[in-house]
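Notebook open, model loaded. I want the overall picture before I zoom in on a few residues.

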Amino acid sequence: MKTKYIFVTGGVISGIGKGVCAASIGNLLKSRNYSVFSMKLDPYLNSNPGILSPKEHGEVFVTEDGTETDLDLGYYERFIGTNLTSDSSFTSGKLYKKLFEKELSGTIRGKTMQVIPDYTNEIIEVILNISKKYNPDFAIVEIGGTVGDLESNPFFYALAQLNYQYPKNMFFVHVSYLPYISITKEYKTKPTQHSITNLRSLNINPNLIILRSDKLVEENICSKVASISFIERKNIINVANFETIYYLPLYLEKMNIVEIIENHFNLKLTKSNNKNWENFVSKILNQKKLDDLKTLSILMIGSNDKFEDSYKSIKDALIITSAFANYNIKFTWFDPLENEVKLNDNLISTFDGAIILPTVEIKEEKEFDNVLDLLQQKNIPTFGICNGFFKMAFNLINKEKNNIKFTDIISKVANYNEVDFPIRIGIRKIKLAKNSKINKIYSREEISERHKHKYCILDEKIAQLALNNLVVLGKSQDNKIVEIIENKNNDFYIGVQFRPEYNSKPLDSNPIFIKFIEACINKKTKKQK
């Protein structure tokens with residue numbers, strides 16, 4: 001088997017950056033021209049991450065083939081620069097579902113199904129499928145949760161079995177947390193020791209340990225973990241909290257992590273070519289030093305405004321794009337239906353741009369319309385995404401045809417574009433209006449973007465209304481669904497049905513984010529004169 005597997009596990013607590021560590025390793029391998037495939041295995045029983053609460057799990061990330069996944073896949077795509085598929089994300093619920101489907105189809109011929117070996121064989125099958133289907137040089141597989149969780153045990157049993165069958169193709173990275181006790185002013189290794197003991201009890205010996213801590217720890221801490229774990233000191237890497245998570249690949253490069261991996265697999269040592277990433281990170285770090293004159297104030301309008309991970313991809317797209325423009329960015333989160341502070345002429349004028357977020361509800365709300373009216377009156381660059389697109393469209397229509405209701409202009413996509421499927425999801429082609437603003441932004445007449453929506457606005461309904469200010473800039477490939485609109489009287493007041501944030505990466509920003517940031521900079525520059 002050509003593919004080398006790197007398994008990333010977690011210890012002590014969740015949420016310490018396993019996904020970012022896995023993505024960073026992939027980044028470094030890719031910089032050496034290795035082909036890389038990433039996978040996330042989550043122990044929870046939900047079969048569809050798309051309906052998980054963003055308050056618990058953060059945003060739902062959508063792959064090109066329409067798979068709804070954990071936000072970690074967003075990290076993988078942004079760090080590694082590749083587009084993932086449905087084979088990159090499995091939950092226990094999805095795997096059990098596969099097993100039950102085999103039972104119902106008669107494949108297992110009525111035999112008793114058990115966690116071991118039937119369920120663990122499902123886990124092994126999806127892992128080995130990476131090699132069979134994609135044949136990458138490296139497959140990086142992150143196991144969700146932490147060692148010791150009851151629901152994770154079948155995954156670790158499967159990994160131990162794989163390690164027994166293919167010992168020369170396996171490498172285990174364990175990411176563990178070092179808690180700091182403020183009273184005694186010291187970091188404690190005991191939780192990590194227990195975590196490694198738990199891992200070993202499951203017949204898995206980590207080859208490399210990443211110790212997460214708030215600040216870099218003293219040398220004796222790493223040496224102690226190395227001694228207790230029977231691992232070489234150079235294979236213990238302490239990772240503190242950095243100014244930006246995007247610095248982590250460069251830090252791991254200094255720690256010679258790829259050299260450790262290559263030596264383990266008896267591969268020829270290679271050199272990194274990561275100059276573009278280094279340039280990107282330097283811009284992100286410089287961004288944080290910029291003063292108010294070089295800081296864009298962006299109003300983020302929508303629900304779940306207190307849970308910023310609900311919009312991780314949008315935030316990162318804006319931060320990264322503004323960094324390349326040599327500007328910092330300050331977010332103000334605002335829910336028109338909940339915030340006690342109401343936006344007025346003076347307050348709205350302090351913002352350089354606004355995003356109408358995808359989570360806004362598709363219904364008539366006077367408070368929301370008032371905000372949109374102010375944004376248009378003050379000519380503030382405004383960008384609506386998905387449900388934000390619906391809000392902008394309805395607001396523009398209602399100004400000219402005030403007897404129109406939301407239900408008059410939206411339709412279910414199942415009736416027009418998809419067969420027996422209630423949601424339009426994944427990548428779709430969009431035809432751009434010739435010689436239009438959006439045509440100039442993308443410099444082409446057709447683009448491909450990812451979608452996730454149950455409802456749509458039909459072009460025939462917009463045409464029947466004969467509107468003056470709302471202009472359709474883009475349609476679906478069959479010309480039925482409106483994809484992009486604008487208010488022609490504003491410099492930048494654009495709504496899109498698709499989700500451009502999923503296609504925006506550090507070294508390849510989506511053109512519409514670039515244009516939005518340019519419009520915000522122009523607005524700020526005019527205010528400063």
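This is a predicted model: local features need pLDDT of at least 70, side-chain atom pairs count only at pLDDT 80 or more; totals for chains, interfaces and linings use all residues.

I started with the secondary structure: the protein chain comes to 19 helices and 22 strands. Next I looked up the radius of gyration, which is 25 Å, close to the 24 Å that the globule rule gives for 529 residues, so I note the chain as being as compact as a globular protein of that length.

For the dimensions, I took the C-alpha trace along its principal axes and got spans of about 70 × 60 × 45 Å. Buried residues make up 56% of the 529 residues. I also checked the contacts with a separation of 6 or more, and 74% of them join residues 24 or more positions apart.

Then confidence. The mean pLDDT of the chain is 90, with 96% of its residues reaching 70 or more. I flagged residues 416-421, where the pLDDT is below 50; this stretch still has twelve contacts in the model beyond near neighbours in sequence.

Now for single residues.

Serine 152: buried or exposed? I found serine 152 buried, because its relative accessible area is 0% and the cut-off for buried is under 20%. As for its place in the chain, serine 152 lies in the loop between strand E6 (138-143) and helix H6 (153-165). Setting aside neighbours within four places in sequence, I list Pro43, Gly144 and Thr146 as being in contact with serine 152.

Isoleucine 116 is a surface case. I located isoleucine 116 in helix H5, which covers residues 115-133. Its relative accessible area is 40%, so I put isoleucine 116 down as partly exposed.

Last stop, proline 511. I have it in helix H19, residues 511-528. With a relative accessible area of 29%, proline 511 is partly exposed. What does proline 511 touch, not counting residues up to four places away in sequence? I get Ile441 and Tyr442. I also noted the C-alpha separation between proline 511 and isoleucine 441: 6.3 Å, for two residues that are 70 residues apart along the chain.

Key: Residues are numbered from 1 along each chain as its sequence is written. Side-chain values use heavy atoms; hydrogens and water are left out. Helices (H or I, at least four residues) and strands (E, at least two) are DSSP runs, numbered from the N terminus. Buried means under 20% relative accessible area, exposed over 50%, partly exposed in between (1.4 Å probe, protein chains only). The radius of gyration is taken over C-alpha atoms; the globule rule is 2.2 Å times the number of residues to the power 0.38. Contact means heavy atoms within 4.5 Å. pLDDT is the predictor's confidence in each residue, from 0 to 100.
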